[in-house]
Amino acid sequence: MEWDALLLSRLQFAFTIGFHIIFPAFTIGLASFLAVLEGLWLFTKRPVFKNLYLFWVKIFALSFGMGVVSGVVMSYQFGTNWSVFSAITGSVIGPLLAYEVLTAFFLEASFLGIMLFGWKRVGPGLHFFSTCMVAIGTLFSAFWILSANSWMQTPQGWAWAEDGTMVATNFMEVIFNPSLPSRFAHMVLAAFLTTAMVVAGASAFALLKKRALAESRVALRMAVLMMALVTPVQIMAGHESGIVAGEHQPAKVAALEGWWTTRTQQPTVLVGWPDEEAETNHFEIAIPGFGSTVNNAGPDVVLPGLDQFTEEDRPPVWLTFWAFRVMVGMGVVMLVLGIWGAGAWALKRLDSSTWYHRALVLAGPSGFIAVLTGWITAEVGRQPYVVYGVLRTADAVSPVPAGSVATSLLFFIVVYGIVFTAGALYILRLMAKGPDTEETPPQSDQPPGTPLAAAIKEAP
Amino acid sequence: MFGIELSMIWAVLIAVAVFLYVALDGFDLGVGILFPFAKDARERDQMQASIAPVWDGNETWLVLGGGGLFAAFPKAYAALMPALYLPIFLMLLALIFRGVAFEFRHHGRERGKKWWTFAFSAGSIVATIAQGLVLGGFIQGVAIEGEVFVGGPLDWLTPFSLLVAASLVAGYALLGAAWIVFKAQGELAERARRWVKQLALLTALAMGAVSLATLGVDARVTERWGLTMTSVDWPVFIKLAPLPVLAGVILFLMWRGIEERKFLRPYLYAVCLFLIGYVGLAVSLWPYIIPFAMTPADAAAADNALQLMLVGALVMLPIILAYTAFVYWTFRAKVDDHATYH
C-alpha cells in the first residue's frame with residue numbers, strides 16, 4: 001500500500017463522509033420526531049409534548065449545525081479530490097445534486113431559522129408548518145443523495161459521449177435506478193431507528209435518574225413503538241437491498257457473505273476471519289446451505305463466490321465482511337429491544353423495568369454504529385469501482401500532490417476531533433439534564449439573551 | 001447554437017448564486033470579523049443574534065455555487081478545485097468553526113464559551129481570507145492543459161491573491177457593520193455607524209487597488225478597459241467609466257447618509273458597491289468561466305443535463321427566494337426586541 005494521493009483521498013473521503021453521515025442519519029429522524037411532537041402538542045394541548053419538543057429541538061439544533069458544516073465540505077470534495085470523477089459523471093449525477101440543493105437544502109436551512117428562533121414571531125400553526133418543512137427537507141435531501149449514490153452502485157440510463165464523459169440517455173432511469181427503492185427505504189428507516197434508539201436511551205436514562213417522569217415515559221413509548229414496528233420492516237428492506245446487490249454487484253455480496261468459492265447451497269457464515277492471501281475464512285462458524293436460502297436462491301442455483309473475480313476486481317473482503325456483521329448485529333439488538341419493550345409495555349412494566357432501561361442506555365449509540373457499518377458495507381463493497389463496473393476509483397482521483405491531501409486530511413482529523421468532542425459533550429450534557437418540566441418552570445443555564453434561551457422563555 | 005445559449009444561461013445563474021452568497025453570507029462573516037471590536041459579551045450576543053436565524057440559509061448559496069458549478073460546468077469544476085485545493089480546504093475548515101460556534105457558544109461554560117467566541121471570530125476571518133485567496137487565484141488564472149490542471153499546489157499564492165484576500169476582509173466587514181446598523185440599537189448601533197464610515201474608506205481603497213492590479217493580470221483585461229500604466233484609450237474606457245464613477249457616488253451617499261435614521265440603507269449601498277465590483281470583474285474576465293482558459297461552452301455539461309436543471313431552477317428559485325424573503329421579513333425587527341436582555 002502506497003501513501004499516495006489516491007489512498008489519502010480515499011481515507012479523507014471515508015473520514016469526512018463517515019463523520020458527516022452521523023448527523024443527517026440522526027437529524028432526518030429527529031426532524032420527523034419533532035414534527036410529530038409539535039403536531040401532538042397542537043392537537044392535544046398536553047404540556048408533555050411541548051416540553052419534549054423544547055428539549056429535543058436543542059439537541060436538533062446542535063446536531064443540525066454539525067451536519068450542515070460537514071456537508072458543505074462534501075459538495076466541494078468531489079472536485080478537490082475526485083476531479084476526474086466529477087468531469088466524467090457531472091452530466092449524469094450533477095443534476096441530481098443540484099436538485100438536492102434546490103428542493104432540500106434551502107428548505108431546511110431557511111425554515112430552521114423560524115423553527116429555532118421564531119416562537120414569538122409567528123403563530124403556532126406557522127411554526128408547526130416550519131418544523132414540517134424542515135422534516136420534509138431532510139427527506140428530500142435523503143432521496144436525492146441516495147439516488148446519486150445508488151446510481152453509482154447500479155448505473156443505468158447513460159452512454160459515453162465523444163469526449164470521454166458520461167451523458168444521460170434517460171434521466172428517469174438514472175434517478176430511479178435499480179437499487180434506489182430498497183436503498184432509500186433502508187437509509188430512511190435507519191435514520192428513524194437511529195433517532196428512536198437515542199430517544200429511548202435518553203428517556204431510559206431520565207427514568208433511571210427519576211427525572212421528568214411524565215415526559216420520559218411518553219418519549220420512551222414513542223421510541224419503543226418505533227423500534228417494535230420498524231425494525232422488522234427495516235430487516236426486510238435490508239434483505240431486499242441485498243437481493244438487488246446480488247443481481248447487480250455479485251462481488252459485493254460474495255465479500256460480505258464471505259463466500260470464496262462459487263457453488264450451490266452457499267453457507268451463512270456467522271463469524272470467521274477472511275484471509276485474502278489464502279482466499280479462505282479462518283475460524284469459520286457457518287450454517288451450511290442457509291446463505292442460498294437467505295439470498296432467495298433454490299438449492300440448485302449456483303451463487304458466485306470471490307473466485308469468480310480476479311483479484312483486482314474484488315472489494316476488500318475483511319472490512320466488507322465485518323462491517324456487514326456488525327450492522328446486522330446492531331439490527332438484532334434493536335429487534336430484541338423492540339420485542340422486549342413491547343412485551344414489557346403489554347405487561348405494564350415498561351416504566352419499572354430498570355434492567356430494560358439500562359439496556360436501552362447501553363444501546364443508545366447502536367443506530368449510529370449500524371449506519372456507519374452499513375455504509376462501509378455498501379461503499380467498500382463497491383470497490384474497486386467508484387461507478388460500479390464502469391469507472392475505477394483509481395482512475396477518478398484529482399491531479400493533486402499527496403502532500404496537499406495529507407495536509408488537508410490531518411487538519412480534518414484535528415478539526416473534526418475538536419468539533420465532534422465538543423458537540424457530543426454538549427448533547428450528552430443536555431441529555432443528562434433531561435427535559436425541563438412544568439413543575440420546575442423552564443430555567444436555562446444559558447446566559448440570558450441567547451436566542452434559544454429567549455425562545456424557551458417566550459414559548460407559549 | 002442552443003447549447004451555447006444554455007451554457008450562458010447557467011453561467012449567469014451561477015454568477016447570480018455566487019453574488020447572493022457574497023451579499024448575504026458576506027454580512028454574516030463580516031459580523032464575525034467585527035466580533036473582536038465589540039465592547040462586551042452582551043454586544044457579542046446581540047451581534048450574533050442579528051444573524052443567527054439566517055446564516056444557514058445564506059451559506060446554502062455557497063453550496064449552490066459549488067454544486068451548481070459541478071452540475072452545470074463539470075470540466076471547470078474539475079479543473080478549478082484541484083488548482084485551489086488548499087485555500088478551498090482552509091475555507092471549509094474555517095466555516096466549520098464559524099458554523100458550529102453559533103450553537104456551541106451558548107452551550108459552553110466559562111472556558112468553552114470563550115473558546116467558541118474566538119472560534120466564531122477567527123473562523124469568520126479565516127474563511128473570508130480563504131475566499132479572497134480563491135477569488136484571487138481564480139482571477140489570475142490557473143494552469144490548464146487539455147482541460148486538466150497541471151500547475152503546482154501553491155500557484156494561487158501571489159501578492160495579487162493576498163491583496164484580494166485583504167480587500168475582501170475589509171469588504172465583508174463593511175457589509176457586517178452595515179448589517180449591525182440595521183439590526184442593533186443604542187450604543188452598538190452608534191459604534192457600527194463609525195465602523196461603516198471607516199470601512200467604507202478602506203473598502204474604496206481596496207477596490208481601487210484590486211481594480212488596478214487586475215489590469216496587470218492579463219493583456220486582455222488591459223485591452224478591455226482601454227487602460228495601461230501610461231495611456232488611456234478614451235473611446236474604449238468611456239463606455240466602462242460609469243462603473244467606477246457610480247462606485248464613487250455610492251460611497252459618497254453611504255458616507256453622508258450614515259447618520260440618517262434609514263437603517264437598512266447603508267447595507268443596501270454596500271451591496272451595490274459589491275455589485276459594481278462584481279460587474280467590473282465580469283467585464284474584465286468575459287467570456288471566460290476559468291479566466292483565459294475555458295469558456296462556459298467549453299466546460300458545460302451535456303445539454304439534457306442543463307435543460308433538466310433549468311426546469312428545476314426556474315420552478316424552485318422563485319419559491320426559494322419567496323420563503324427566504326419571508327424568513328427575513330419574520331426577523332426584520334431590531335435585535336433587542338426578540339432577544340430579551342436583563
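## Contacts along chain A

Let's start with who touches whom: in chain A of this predicted model, 75% of the contacts with a separation of 6 or more are between residues 24 or more positions apart. Two residues are in contact if their C-beta atoms, placed from the backbone, lie within 7 Å.

Local features here need pLDDT of at least 70 and side-chain atom pairs count only at pLDDT 80 or more, while totals for chains, interfaces and linings use all residues. Residues are numbered from 1 along each chain as its sequence is written, with chains lettered from A in the order in which they are written.

## Overall build of chain A

Chain A has 14 helices and eight strands; these are DSSP runs numbered from the N terminus (helices are H or I, at least four residues; strands are E, at least two). Of its 460 residues, 55% count as buried, meaning 20 or more other C-beta atoms lie within 10 Å of a residue's own. The C-alpha atoms fill a box of roughly 65 × 50 × 40 Å along the principal axes.

## A tucked-in helix

Now look at helix α8 (residues 250-257) of chain A: seven of its eight residues are buried, so the rest of the structure largely encloses it. Among the elements covering those buried residues are α7 (213-248), β4 (268-275) and α10 (317-346) of chain A. Just after α8(A) comes Gly258(A), with a positive phi of about 75 degrees.

## Where the chains meet

Chain A puts 64 residues into the contact, and chain B puts in 62. On the chain B side, α5(B) gives the most, with 15 residues.

Conventions
Buried ≥ 20, exposed ≤ 12 C-beta atoms within 10 Å, placed from the backbone.
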